[in-house]
Amino acid sequence: MSSLLRTADLPARERADFWCSAISEAFVPLDMTLANGETFRGQMRSRSLGVMLVSDVAADAHKAERTRRLIARSETDYYKLSMPLQGYCLVMQDGREAPLTPGDLAVYDTSRPYTVAFDNTCRMLVLMFPQRFLRLRPHEMHEVTANRVSGRQGVGALVSPLLMNLVTKMDEIGENQSLQLADNILDLLATLFSERLGKQGTPPPSSPQTLLLRIRAFIEAHLDDGNLTPDTVAAAVHISTGYLHKLFRMEGTTVSRFIRERRLEHCRRDLVDPDQWTLSVSTVAAHWGFVDAAHFSRLFKATYGVSPREYRLTRDAQGGMAVSAWETA
């Protein structure tokens, strides 16, 4: 289940180096500055939850920096989300600062420089997951990094208690539930940050940004509809099909590609859902609009690196531990 590392198990002279190395290995390479290396105390309990790493970190005053030099050595881009459980921390990225108190949260991008600073002892929840599993575009996420999200109002008031409970119940979550729970958390985070995007700059109701949020919400709600097409999407949000295509071109994609990507992701989730293991691969594919099983298999392999049947069998053989993008990204 969860793993535990702590400086208390080591001689005092080894603790600082151990902590700096262990944190960089668990997350991404970081430069660490400890307020007092001789007396420093740190502890981290972590667990993989689907494609997500969940960590409960307690440490004395220190600063962690992600520099351009360290970024150049990394191959995979992640998002990290931090939420203090006790104490205070400061998240800095993209020229913004997010001062966080218990229950507040902020997201940051490991592909760009950032700093997380602790003036005193702090206990914090950290989530880390590959960027492509959050259904928001990178340039959209750029607008919300290092922005404080209150855990006491709006969608943040729903997310914060869930994440707090996740820490306390980490070891009680079975492997069969872990993947679905991680997917649900990612969906909720996407909703949270979509709400933040809608509030920032107060865009008018007809702005491209607001329209895209409405369009994506409609598509997500109708992915299992075999008649979902650009024409039906455009009609649902009362714009022309040509303008719909223009909006997605501005995003660097197409309507059809977005629909296909979202359907593939739902298929991936269902294939590793224990409650749906009795369904054939073709049945799962057909439910999400892929009526040609061979075409679906080719698309799935091009996206996830293995065939849908191999993906399901590998997870089953490992007793519920998916060889997901967490391991292969």
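Visitor: How many cavities of 30 Å³ or more does the structure hold?
Guide: The model here is a predicted one. A cavity is a set of points, on a 1 Å grid over the protein atoms alone, where a 1.4 Å probe fits but cannot get out. With a cut-off of 30 Å³ or more, the number of cavities in the structure is two.

Visitor: Before we go in, at what pLDDT do side-chain atom pairs count?
Guide: Residues are numbered from 1 along each chain as its sequence is written, and side-chain values use heavy atoms, with hydrogens and water left out. Totals for chains, interfaces and linings use all residues, whereas local features need pLDDT of at least 70 and side-chain atom pairs count only at pLDDT 80 or more.

Visitor: Which elements give two or more residues to the lining of the largest cavity?
Guide: The largest cavity has a volume of about 140 Å³, where volume is the space filled by probe spheres set on grid points joined across faces, edges and corners. Its lining (residues with an atom within 4 Å of a point) has 14 residues, with I23, F27, H62, F118 and M124 nearest the centre. Helices (H or I, at least four residues) and strands (E, at least two) are DSSP runs numbered from the N terminus. Those giving two or more residues to this lining are α1 (12-26), β5, β10 (114-118) and β11 (122-130).

Visitor: And which elements give two or more residues to the lining of the second largest cavity?
Guide: The second largest cavity, with a volume of about 40 Å³, is lined by V57, A59, H62, F118, C122 and M124. Two or more of its lining residues come from each of β4 and β11.

Visitor: How many disulfides are there?
Guide: A disulfide is a covalent bond between the sulfur atoms of two cysteines. Here the cut-off for the pair of sulfur atoms is within 2.5 Å. By that rule the count is zero.

Visitor: Which cysteine has the sulfur nearest to that of C20?
Guide: C20 is in no disulfide. The nearest cysteine sulfur lies 17 Å away and belongs to C122.

Visitor: Which side chain has a polar contact of 2.8 Å with that of D60?
Guide: D60 sits in the loop between β4 (52-59) and β5 (62-66), and its contacts (heavy atoms within 4.5 Å), leaving aside neighbours within four places in sequence, are T39, F40, R41, N120 and T121. A polar contact is a pair of N or O atoms within 3.5 Å; within protein, one must be able to donate a hydrogen and the other to accept it, and residues adjacent in sequence count only if both atoms are side-chain atoms. The D60 side chain reaches the backbone nitrogen of R41 at 3.0 Å. At 2.8 Å, its side-chain partner is T121.

Visitor: Why does S160 count as buried?
Guide: S160 lies in helix α4 (residues 156-168) and touches M83, G103 and G151, not counting residues up to four places away in sequence. A polar atom of its side chain lies 2.9 Å from the backbone oxygen of G103. Buried means under 20% relative accessible area, exposed over 50%, partly exposed in between (1.4 Å probe, protein chains only). S160 counts as buried because its relative accessibility is 2%.

Visitor: How far apart in space are Y311 and L5?
Guide: Y311 belongs to helix α12 (residues 308-317) and is buried, at 4% relative accessibility. In sequence, Y311 and L5 are 306 residues apart. In space, C-alpha to C-alpha, the distance is 31 Å.

Key. 1 Å grid on protein atoms, 1.4 Å probe; cavity = no way out; pocket = protein on both sides within 12 Å on 5 of 7 lines; lining within 4 Å.
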